[in-house]
Amino acid sequence: MKKTCFLLLTVLLTTAALRASAQNKDTSKENFPSTETTLSQIGQAEAHPNARHVRMADTSALAAPVKRPGLIRRIIDYYSRSNVDRTFEKKIDWSIAPGPNYSSDVGFGIGFLLAGLYRLDRTDSVTAPSNISIYGNFTTEKFVLLRFSGDNIYNHNKQRLSYSGAFVYFPGAFYGVGYNAGKEGYAQDLTTTMGAFRISYCTSLVGRFYIGVSGGIDYSGAKYKNSGMADRMNGIQADVESGKPVPGGKMGELYNLWQEGRYDPAKQDPFSNYIATTGDKPNAFNANVGLFAQYDTRDVTFNASKGIFIKAEAKWYPEWLGNTRRTFGRFTLTFDFYQKLWKGAVLACDLYADATTGTPSWHMYAKMGGMERMRGYYEGRYRDKKLVETQIELRQKIYRRHGIVGWIGGGQVWGTEKFRWGNTLCSFGCGYRFEFKNRMNIRLDYGWGNFGNQNLPWDRKRSSAFLFTASEAF
């Protein structure tokens with residue numbers, strides 16, 4: 001009898017503890033049955049005519065394996081907990097997310113995002129968390145992008161080490177240098193293999209005012225071939241003059257446009273023309289060193305809701321550092337402002353300027369478009385020695401971790417051509433946000449730009465792009 005009572009007491013205590021743990025994680029004293037209640041349950045169990053069967057059933061139930069949640073349930077549970085700040089208890093808090101994307105330039109793609117938050121000193125609650133993100137994208141047009149970036153913040157926000165890098169395989173196009181080259185829309189197929197790495201370190205002088213040093217390397221290799229469009233048009237013209245009909249399809253359409261003065265076959269190969277005119281090399285390597293000063297009162301670097309960020313940076317690309325054929329310099333200025341408006345709403349403003357002195361390699365001109373500024377434009381369609389862009393974005397949380405944004409922006413490129421207000425380009429769009437990590441969003445944006453050259457069959461649509469990545473655009 002004593003053995004039986006002891007066994008039953010153990011089973012009942014275990015069952016009660018499991019039941020209490022499932023109902024409430026607080027294992028306080030009031031969650032456990034009292035001694036009187038347990039002894040009463042033992043007495044009732046011994047008095048029951050089927051007590052032995054009850055004990056056997058309870059024991060088999062405890063021995064049965066717990067049913068594992070299904071895949072969908074596990075995914076939901078995973079993302080429901082992914083935005084909880086666990087940087088004080090884990091060395092690094094990782095999360096991963098896949099995502100489809102589309103761009104009019106690179107087609108449909110599948111991307112992935114790996115993001116992590118961490119603290120170099122987990123006893124320091126004053127310093128903002130550091131971050132790292134790794135992003136990849138593979139598309140139907142054989143576009144490949146692998147990118148990483150991160151910020152190490154330490155010593156009560158007084159020091160910061162930032163880095164970023166990318167590898168890109170891009171079967172893209174080159175439109176030329178200058179606003180008019182981009183507007184005309186003549187594009188030569190250009191398969192580019194690019195690699196880049198940036199690193200910077202800054203320290204606080206007074207409060208949130210920092211000074212720092214930076215360095216970077218860039219490599220671009222290009223493969224291209226001439227379209228021979230001028231010779232082909234001349235061949236069609238000779239055939240027509242000899243009595244043959246104008247061919248159908250694209251070539252016939254271009255021939256008719258040429259005869260009407262709306263198409264110039266000599267401009268069809270802008271990269272070949274640029275290389276021949278400038279003597280530049282298709283494969284170019286550039287390295288730089290720089291100095292910068294910045295003022296930063298943002299609450300979070302990757303998704304600010306208040307504060308100001310100002311950064312002025314000067315970079316030097318000396319020929320002796322390995323630069324291809326020349327020495328040139330570059331100056332960039334960034335001004336960002338963030339203000340809370342009403343519940344869940346943030347107004348974000350961005351101003352960016354980029355100016356180059358000397359003659360850079362073909363891939364080092366200031367380029368408009370991309371994933372951060374003037375979203376919706378093919379990055380590099382408009383490029384020149386000077387660039388200025390501005391944008392205003394309204395960010396609104398709509399439900400828990402979900403949010404939406406809308407933006408409008410404008411920009412200019414000039415330098416090889418004169419600045420003209422009429423050359424201003426516009427960008428506008430909207431997007432969806434999901435708080436993937438604590439204060440770090442997954443960003444899905446669709447942006448639009450100006451229409452292309454209406455005379456060219458391939459360039460009559462409005463420029464647009466769908467973007468998927470981490471963190472805010474600015």
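# A guided tour from salt bridges to a surface patch

Begin by selecting arginine 298, which is buried, with a relative accessible area of 13%. In this tour, buried means under 20% relative accessible area, exposed means over 50%, and partly exposed lies in between (1.4 Å probe, protein chains only). Accessible areas come from the Shrake-Rupley method with a 1.4 Å probe, and for residues only the protein chains shown count as cover. The model is predicted, so local features need pLDDT of at least 70 and side-chain atom pairs count only at pLDDT 80 or more, while totals for chains, interfaces and linings use all residues. Residues are numbered from 1 along each chain as its sequence is written, and side-chain values use heavy atoms, with hydrogens and water left out.

**Stop 1: salt bridges**

Side chains of opposite charge can pair when their charged atoms come close. A salt bridge here is a side-chain nitrogen of Lys or Arg within 4 Å of a carboxyl oxygen of Asp or Glu. The count by this rule is 22 salt bridges.

Next, select glutamate 393 and arginine 375. Their salt bridge has its closest N and O atoms 2.8 Å apart. Glutamate 393 lies in strand S14 (residues 386-399) and arginine 375 in the loop between strand S12 (366-367) and strand S13 (383-384), so this pair ties together parts that are 18 residues apart in sequence. Helices (H or I, at least four residues) and strands (E, at least two) are DSSP runs, numbered from the N terminus. Are these two partners buried or exposed? Glutamate 393 counts as buried at 0% relative accessibility, and arginine 375 is buried with a relative accessible area of 0%.

Now turn to lysine 267 and glutamate 184, whose side chains meet in a salt bridge (2.9 Å, N to O). Lysine 267 lies in the loop between H7 and helix H8 (270-278), and glutamate 184 in helix H5 (residues 179-184), so the pair ties together parts that are 83 residues apart in sequence. Lysine 267 is partly exposed, at 35% relative accessible area, and glutamate 184 is partly exposed, at 28%.

**Stop 2**

Select residues 229-241, which make up helix H6. The expected span of a helix is 1.5 Å times one less than its number of residues. For the 13 residues of H6 this gives 18 Å, and the end C-alpha atoms are 18 Å apart, which agrees.

Which residues of H6 are buried? Met229, Met233 and Ile236 are buried. They cover an arc of only 60° around the axis (the arc of the directions from the helix axis to the C-beta atoms), which puts them on the same side of H6. On the other side of H6, Asp231 and Glu241 are exposed.

Helix H7 (249-259) is included in what covers the buried residues of H6. Within H7, select lysine 250, which is exposed with a relative accessible area of 52%. Lysine 250 and tryptophan 458 are 208 residues apart in sequence, and their C-alpha atoms are 9.9 Å apart in space. Just after H6, glycine 243 takes a positive phi of about 110°.

**Stop 3: strand S7**

Select serine 220, which lies in strand S7 and counts as buried at 2% relative accessibility. Serine 220 touches residues including Thr192, Met194, Pro282, Trp362 and His363, leaving aside residues up to four places away in sequence. Contact means heavy atoms within 4.5 Å.

Tyrosine 224 is also in strand S7, and counts as partly exposed at 33% relative accessibility. The C-alpha atoms of tyrosine 224 and aspartate 189 are separated by 6.3 Å, although the two are 35 residues apart along the chain.

**Stop 4: a nonpolar patch**

Finally, select Leu205, Val206, Phe209, Ile211, Tyr295, Ile310, Phe331, Leu333, Phe335 and Leu351. These residues form a nonpolar patch on the surface, with about 840 Å² of accessible area together. Patches are made of residues with over 30% relative accessible area and no salt bridge: like charges are joined within 9 Å, and nonpolar side chains (Val, Leu, Ile, Met, Phe, Trp, Tyr) within 5 Å. The elements that give two or more residues to the nonpolar patch are strand S6 (188-206), strand S7 (209-224) and strand S10 (328-340). S10 gives the most, with three residues. Phenylalanine 209 has its place in strand S7 and is partly exposed, at 34% relative accessible area.
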